[in-house]
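Here is a short briefing on one protein chain. Look over the sequence and the 3D view before reading on.

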Amino acid sequence: MKGGHPQRCPDLVELAGLLGLGLSPRAEDLLVESEHSVEEILAWVESCPQCHQGLATLESWQEEVGYPDLAVVADERNRALQMWEELKAVPTEELADRIGEEHCFWAMAFLLPKKSVEAARNSSDRCLELAQIAVAVSSLLDPNYYTPRLLKDMDARVWAYLGNAQRVRGDLNLADRAFERAQAYLQKGTGTLLSRAVFLDLLGSLRKDQGQYEEAIEVLGHAAKLYEATGQSSLVGKVQLMLGMVEELRGNTEGAVSYLTEAQSLISPEKDQRLYSHCQHFLLGCLTRAGYFEEAELRLPILRKMWEDARDTKGLLMLRWLEANILHGLGKFNGARSVYEEVQAAFSKVGLEISVALINLELAVLSMESDSGEDVLRLTTEAHQIFRDNGAEKEALAALSILVKAAEAAQITASLTKSVTEFLRAEGKKPLVRFDPPQAD
């Protein structure tokens with residue numbers, strides 16, 4: 001043994017056992033006895049390339065599992081992943097019945113909320129079910145093994161993610177109550193920066209959906225500072241993306257561009273290609289709405305390749321819509337009309353009628369700006385009919401009625417049509433209020 005290094009390099013479990021903390025008497029069973037101090041072990045780990053890489057792997061696992069004791073991390077991380085492989089194909093309605101005592105350990109409780117967020121992309125029901133299961137698993141964790149204060153951190157985490165799942169479902173009042181409970185647990189926990197950052201990050205999304213934009217900006221700004229203090233630059237970028245979305249919702253497109261420009265430099269495309277692509281897409285949309293058409297046009301090929309590489313047909317279709325807006329803004333009216341009609345046909349084919357109606361309004365503006373505007377009444381009337389047939393809110397229908405009446409009286413303007421279109425885009429993103437028509441052109 002040279003410099004304390006054993007004759008063979010320890011495997012990951014052994015190395016974790018040598019560096020474990022033994023936070024509870026029962027967790028001490030995972031420790032590996034050594035005649036050397038932790039400082040001496042770390043010294044030979046640093047001097048051995050294989051052991052150094054092993055420690056780096058353990059530290060990355062520790063971030064995945066969110067537990068301070070490497071011995072526990074090494075014992076539980078792979079077990080949680082294996083169990084998830086068995087659960088991920090289980091139908092949503094059967095998931096709860098497949099959870100037993102064998103799933104009640106820290107790494108599993110930590111993993112389930114992550115899977116809840118991933119599930120939200122395709123199913124709000126599965127998102128909620130996984131979050132509820134995480135709460136149930138957390139409540140059964142052994143306080144004699146993980147220690148009470150660490151378990152309060154976990155309770156705060158799972159209740160915050162449950163609130164997030166309820167937000168995704170549109171149950172904002174239930175989400176509020178879940179976050180209140182999460183905050184109560186957070187105050188009894190260890191108070192780590194990362195725990196607080198995650199709570200504030202998720203709470204900011206709720207405040208955004210509630211239309212409480214000032215509070216959302218304050219909460220998300222605090223979350224970004226905490227993530228930055230823990231060296232989580234990619235998570236800072238994620239929060240900056242959310243801040244950009246909030247600014248866009250409250251009508252500050254220039255502010256949104258500023259946040260999104262910062263976000264794109266912080267989100268790693270290698271670690272989270274999907275988030276990076278969405279950031280680029282949203283930035284492109286904001287640049288277009290802010291009138292930076294030349295810069296937006298330059299970015300189109302880059303983002304198109306991202307969506308093509310990801311084989312994301314929805315992303316490509318939405319990008320094509322943005323391309324039509326850019327061509328429109330650049331005064332390339334014939335090209336814009338052709339792309340609008342292509343995208344509209346694609347939306348109609350898959351039953352996205354509201355998007356069809358919104359493009360009708362885009363075509364109405366294009367018609368007013370490029371020719372006599374003979375189709376404007378037909379386009380606006382069809383849009384009103386589609387929204388009505390799809391059960392739109394009364395505020396949305398009232399705004400469209402103003403537009404149709406203006407078209408019937410030959411008093412419709414591009415400014416009014418754009419204002420109604422932006423108002424309608426907000427449906428589902430923020431609480432709708434009564435439409436306030438702009439001043440006459």
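Predicted model: local features only at pLDDT ≥ 70, side-chain atom pairs only at ≥ 80, totals over all residues.

The protein chain has 21 helices and zero strands. Its C-alpha trace spans about 90 × 40 × 40 Å along the principal axes. Of its 441 residues, 48% count as buried.

**Aromatic pairs**

- A pair of aromatic rings is described by two things: the distance of the centres and the angle of the planes.
- The structure holds six aromatic pairs.
- One of them joins Phe179 and Phe199, with ring centres 5.9 Å apart. Their planes stand at 65°, which is over the 60 degrees needed, so the pair is edge-to-face.
- This pair links distant parts of the chain.
- Trp321 and Phe347 form another pair, with ring centres 5.4 Å apart. The planes of Trp321 and Phe347 are at 65°, so this pair is edge-to-face.
- Trp321 and Phe347 also link distant parts of the chain. Trp321 sits in helix 16 (residues 313–329) and Phe347 in helix 17 (residues 333–349), 26 residues apart.
- Trp321 counts as buried because its relative accessibility is 6%. Phe347 counts as buried at 2%.
- Tyr67, Trp106, Tyr145 and Tyr146 form one aromatic cluster.

**Charges over rings**

- Arg79 places its charged end over the ring of Phe105. The distance to the ring centre is 4.2 Å.
- Arg157 lies over the face of Phe110. Here the distance to the ring centre is 3.6 Å.

**Gln210, a loop residue**

- Where is Gln210 placed? Gln210 is in the loop between helix 10 (193–209) and helix 11 (213–229).
- Is Gln210 buried or exposed? Its relative accessibility is 15%, under the 20% cut-off, so Gln210 counts as buried.
- The side chain of Gln210 makes a polar contact of 2.9 Å with the side chain of Asp176.
- Gln210 and Glu118 are 92 residues apart in sequence. In space, their C-alpha atoms are 22 Å apart.

**Thr380, a helix residue**

- Thr380 belongs to helix 19 (residues 376–389).
- Its relative accessible area is 0%, so Thr380 is buried.
- A polar atom in the side chain of Thr380 lies 2.9 Å from the backbone oxygen of Val376.

**A pocket**

- Rolling a probe the size of a water molecule over the atoms shows where empty space is left.
- The second largest pocket has a volume of about 210 Å³.
- This pocket is lined by 13 residues. Which of them are the closest to its centre? They are Pro6, Leu18, Val32, Glu33 and Ser34.
- The lining of the second largest pocket divides into six nonpolar, three polar and four charged residues.

Note on methods:
Residues numbered from 1 in each chain as written. Heavy atoms only, no water. Helix = DSSP H or I, 4+ residues; strand = E, 2+ residues; numbered from the N terminus. Buried < 20%, exposed > 50% of the residue type's maximum accessible area, 1.4 Å probe, protein only. Polar contact = N/O pair within 3.5 Å; in protein donor to acceptor, adjacent residues only side chain to side chain. Phe/Tyr/Trp six-rings, centres within 6.5 Å; stacked < 30°, edge-to-face > 60°. Lys NZ or Arg CZ within 6 Å of the ring centre and 35° of its normal. 1 Å grid on protein atoms, 1.4 Å probe; cavity = no way out; pocket = protein on both sides within 12 Å on 5 of 7 lines; lining within 4 Å. Points joined across faces, edges and corners; volume = space filled by probe spheres on them. Nonpolar A, V, L, I, M, F, W, Y, C, P; charged D, E, K, R; others polar.
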